[in-house]
Each structure stands twice: as C-alpha cells, then as structure tokens.
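Please look over the model shown here. This report takes up a sheet and its helix, then a ligand site.

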Amino acid sequence: MITRISARGAITILAFFTLAIPFGVQAEDYLSPVGVTPDPSGEFLYIVCSTGNQIARFDIKSETTTQTFELGNAPTGVAVSPDGGRIYVTDESPDGKVWVFDTASANLISHISVGHTPVAPTISPDGKKLTVCNRFDNSVSFIDLETERVIATIPAAREPIAAALTPDGNTLIVANHLPDGPANTGMISAKIQVFDTESRRILATIPLPNGSTSLRGVCISPDGRYAYVTHILGRYLLPTTQLDRGWMNTNAVSVIDIQEKRLLNTLLLDNIDQGSANPWGVSCTPDGKRLVVSHSGTHELSLIDRERLHEKLSAAEEPDQIPNDLAFLVGIRQRIPLEGKGPRGLAVVGDQAYVAEYFSDSLAVVDLERKESLRARSIPLQDPVPMTDVRKGELLFHDASVCFQHWQSCATCHPDARTDALNWDLLNDGLGSPKNTKNMLLAHQTPPTSMTGVRDNAEISVRAGFRYIEFTVLPEEEIRTVDEYLKSLTPVPSPYLVDGELSEAAKRGEVVFKKANCHHCHPEPLYTDLQRYDVGTGEGNEAGTEFDTPTLIESWRTAPYLYDGRAATMKDVFKWHQGTEQLTDKEIDDLVEYVLSL
Ligand code: HEC
Ligand code: HEC
C-alpha cells in the first residue's frame, strides 16, 4: 500500500514537471538581455543579461561572447570607462551596489554601495564621475570614481529609470518611469529632470504631455542639443470602448530641448492602423542622422530620419496637434521587424544597431547602411532553453502582437506587472467609473478582483483583459500561462525597510495599526480579508459603494491610492478612508511609515 502511494506520488510529480516545467529549467538559465553598452574601442559590446546574472562581453567581429562577468544577482545596467579598462555594473537589489570589474582580467575589483535598485549608470567623459539612478529610492547618486565614494544623493521625481549625459558631461537628463500626483484631476504625467552635474542641482523638472507614463529609455543627440525619451501616451480620459486609431494607448518619443530645458514636442510612433507598442530603447546613430527605437511589445525597430524629423517639427503649423498625429512620421521612418522577441536596450556602433532581445536570449543586428531591404539578423547568445509556462506567460503578458492592430500589451498599463498610475474607465463595472490600474502582485491570491470585486478571481480578469482590452481571443492553454506568470511574482522589499527590518517609526506604526483596528480588514499575511466594505471613500456615482479591501503589500510602489487614484500619497489616503479620526498626527505618520514598509 505504502509503495503504491509513493509510486503514484512520484508519477504525479514527474507528470507535473514534464507538463508544466521543462525538466530542471530555472529562471537563471535564461539570459534575458536588457541592455547593450559598446566598448569605446568599438570592438566589443557589454550585454546586460538580467536573469542570467551576468554581463557578457560580445566580440563584434566574431559575433561571439568572449568573456562573462558574474554577479550574484541580476544586473540592470553597465557603464564602461573611457579607456575601456573598467566596467561599472548596477544590480537589482534593495541594498544596491555598483560592481567594479577589471575588463582585462574579468576580476571584481570592488563594490560601491548605492540605493534601492540602482539603474542607468552613466560615466563622465573624463572617467572620473559616475551617476546612477536609485529607482525605488527615487534618487540619483553622484559617485567620485577616484575615491569610489558617493558624493551626493539627490531626490528625483518617481522611479528614475533611464539617464543620459550630454557629450560635455555637464548635463544629466533623467527619465522618471511613472507619473506622480493624484490620478483623478484630468492631468497626470511622468517627468524628465535636467541635472547640472557640477553643482548636482536639478535645473528643471519637465512634465510630459497628459497621460505620459512608463518611460523606458533616453538618449542625447551627438551635438548635445536634444534628448529623446520613449514612453506610453495613454488616452485615459476616454472610455475603453475601442482600440482604433490609438483610442486607448499610443506609443511615443518626446523630444527635449536641452539648452532651453523644455519639451519641444511629442511624436507618435504608431501608424494609423498599426500600433508599435511599448517603445523601450532609443539611440542616435553616431553621425546624428538617425534615431533608432526598439518596440518591446511589437518586436521591431523604428528607424527615424532625424534631420527631417526636426525640419518637420520646426515647419509644423499646428505643433499642438503633433502628439495626436498618427501620420507625422510617414515618409521619414522605417519599421524593421525583428526575429527575436521583446527587444529592449540598444546601441549603435558604426552603421550597425545592436538590440537586446529579452525573451529569445539573443542580440538583433541591423545593418543601417543597407538602405534598401533593411533586415535584422538575430544572434543567439546561448543555446535555446525551453520556455517554462511562467516564461511563456511573461512573454504573452508583454506581447502586443496578439492585440488587435498591435496597439498595446498587458504590460502597457501594468509595466513590470505593476501599475501605470493612470485611471482607466474599463467596461467591467459600467461606463463613467474610472479606476486606478491595479498591481498584478498577489492578484491571484486575493480574490475577488477589481476595485469593486465585480470579478470573482484573477483568472477571470486575465481572460477579460485579452477579450475586452486587447480585443483578441486566445486558446485557453496559452492564456493559462499568464496566470502562472502572475502567480510567480514576488514582492520587492520596501525601500522604507532599514537593513531589511522595520524602522523605529514603522515599529511604532505597527502598534497603531492594531490599535486602530486596521488588521480587522487588512490582516496578515495578505493584509486583506478578501471582503468588501464602504470606508467612506466613494464619491459621486460611487457614493456608498463597497470596495474590495486591497492588499497593502507593495503599496509603497503603487501610488496613487484609493479606487480613483485620488490620494497622491499614503498620508492623503486618510483624508477620506475612515478609521484614523482618533489618532494623533504623529501616530498617523508612524502608521503611514508602517504601511509603506510592507
Ligand atoms: C488600458 C489599461 C489596461 C490594460 C491594457 C490591461 N489592464 Fe488590467 N487592469 C487595468 C485597470 C484600470 C484595472 C483595475 C480595474 C478595476 O479595478 O475595476 C486592472 C485590473 C486587472 C486585474 C485585477 C487585479 C486585481 O487584483 O483586482 C487583472 C488580473 C488584470 N488587470 C490583468 C490584465 C491582463 C492579463 C491584461 C492583458 C490581457 C491587462 N490586465 C491589460 C488596466 C489595464
Ligand atoms: C472596514 C474595513 C477596513 C478597515 C477597518 C480599514 N480598511 Fe483600509 N481599506 C478598506 C477598503 C475597502 C479599501 C479600499 C477603498 C478604496 O479603494 O477607495 C481600503 C483601502 C486602504 C488603503 C489604500 C490602498 C490602495 O492601494 O489604494 C490603505 C493604505 C489602507 N486601506 C490602510 C488602512 C489602514 C492603515 C487602516 C487602519 C487605520 C485601514 N486601512 C482600515 C477596508 C478597510
């Protein structure tokens, strides 16, 4: 009897592995390249292999990886010293570091401690200074490379995610990933910040057009005059009844005039009947003639004639209409399909564009000089690893080529499977009731779903997403993988923790949390009891509505708060959410610190 049970157990386990997970495949087995930085000699590329936990040095002539630089965790970016002797690698960790490697020996020389999830390292032309963006600390660190010390850490807007230095090294342009501020005012957008690298002051904070979110890449023209930023331009004020002509989301590049520190204009990368979803990497060719953009959702490159672009921008009679003009790039842009999936960071060396293809563990190469019949090749960076269901689901979640006319993917509104910070008037609960985009973390573990709980569970929401937001119908065995991907998400530790522990204020806040009975509806471990309540937040046609109690885990990264994104900060929540009336101001501050630590 015992033998039979264990035998059956073994069979079940075996079947589970062979059906669901290709035997023994782990996330680390994929390289998942996200970025490419050329060596100054033009002979090598340093490829940021995120889940591969390494930087690969790729020899351009032989088209092979000739050296790897191993980290214990995922790299996010790499900068190369002007003499090519060192690389500076940022890593994806709460106690973030810059890893300094000697390129000749591939030895690790030292670590420089920076903030939470450092990204986008840039190095000054003289090789003496390095900057990194601490994405989840919302700050930028300036590092002196002679002493390997952080000289200053300056607050940025929200999730600084990409940065570029002018050729003279004097100005740093920082792209903040997400909008800040409330989502229900009719104006919400992410910001570009202009830093003076000498004084380390912010010279300007430039809001992008209303609905700008999910910024990913920035580059500066070789003459230092303009910065180009990739982002989504969400038409969130319209009900989500259709996709035609970019009704919901459009895909854009904003042009910043660096001298004048202002937004010159924003242009759409889509065509009138074909979206070019989720723009990510952006780079100018060294001669400044062209601008190259990767589209991570539609697996293609845009090649834009930069001179004609600026001629058109200055000749425009109605510049205000350019951000709505789906025909603006007609005649001055080519779309080049890629063979690999999920192109992200890119670099141009000479006449060749090199693009990191995240999902296919490959590098796309496009010879830009072949003006006729431009074609991309895809060079595998390792032998193909079979895709697990989680990986397939991650790809489908980011894949806009399944969407009607390729306008958007799930990741358009749920970047990194989180939130774009915008409100959307989805049709799940009737028209005229916009809701703030929800985090995908714990969605499957905390039914029902949506703010009002109109969906019984996340499985239903996922299928509704494909049918009613992407206007597509997919086989169940494919959609199922998206559930697996979303279930596999794990919380990122809060930047409010101190060495992984609650701060003193947060510990006091934990006591207040119990005293004020918050745990009645937000009990551990999920911080929701999965029930609906009216806590006094419903306004207008939502007055008296019972809302699904949200989990509080990762709420540090999901502002703005409440169903309509009315509360820009955690403290603002309690202007409307009942339950803190008896608390002192100090107790509320401690409570806020605690919730932001979860
Ligand atoms: C146009 C923006 C947009 C797109 C595109 C989008 N979503 Fe959403 N999603 C939202 C918003 C807004 C909500 C919150 C809706 C509500 O509460 O009524 C949401 C909620 C959800 C939820 C429920 C989460 C919870 O815990 O309540 C799931 C699951 C979800 N989306 C999955 C998807 C998937 C899968 C896709 C792609 C097929 C997708 N979404 C595409 C905006 C979007
Ligand atoms: C009676 C049940 C209940 C109690 C008690 C309660 N909450 Fe809530 N909480 C909710 C509901 C329901 C919502 C959703 C409201 C909305 O979206 O407008 C919510 C929303 C929130 C949010 C916003 C989260 C987000 O992502 O938008 C925070 C933060 C929060 N509660 C913290 C607390 C704290 C702190 C306490 C104790 C002072 C508390 N809650 C007590 C039910 C409760």
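In this predicted model, four strands form an open sheet in the order β21-β22-β23-β24, and the pairing is antiparallel. The edges belong to β21 (279-284) and β24 (333-337); each has a single partner strand, so one side of each lacks a neighbour in the sheet. From one strand to the next, the twist averages 20°.

Within this sheet, β22 (residues 290-295) pairs with β23 (residues 300-305) in the antiparallel sense, over six bridges. Here R290 stands opposite D305 in β23. A helix, α2 (residues 306-315), packs on the sheet. Helix α2 touches β21, β22 and β23, and its direction makes about 65° with that of β23.

Now the ligand site. Around ligand 1 there are 24 residues, and C410, C413, H414, S450 and M451 come nearest.

Which elements each supply at least two residues of the shell around ligand 1? They are α4 (410-413), β30 (435-436) and α5 (458-469). Helix α5 gives the largest share, five residues. By residue class, the shell divides into 11 nonpolar, 10 polar and three charged.

How values were computed:
Residues are numbered from 1 along each chain as its sequence is written. Chains are lettered from A and ligands numbered from 1 in the order in which they are written. This is a predicted model: local features need pLDDT of at least 70, side-chain atom pairs count only at pLDDT 80 or more; totals for chains, interfaces and linings use all residues. Side-chain values use heavy atoms; hydrogens and water are left out. A residue is near a molecule or strand if one of its heavy atoms lies within 4 Å of it. Ala, Val, Leu, Ile, Met, Phe, Trp, Tyr, Cys and Pro count as nonpolar, Asp, Glu, Lys and Arg as charged, and the others, Gly among them, as polar. Two strands pair if DSSP finds at least two bridges between them. Axes are lines fitted to C-alpha atoms, for helices over the stretch in contact, and angles run from 0 to 180 degrees between N-to-C directions. Contact means heavy atoms within 4.5 Å.
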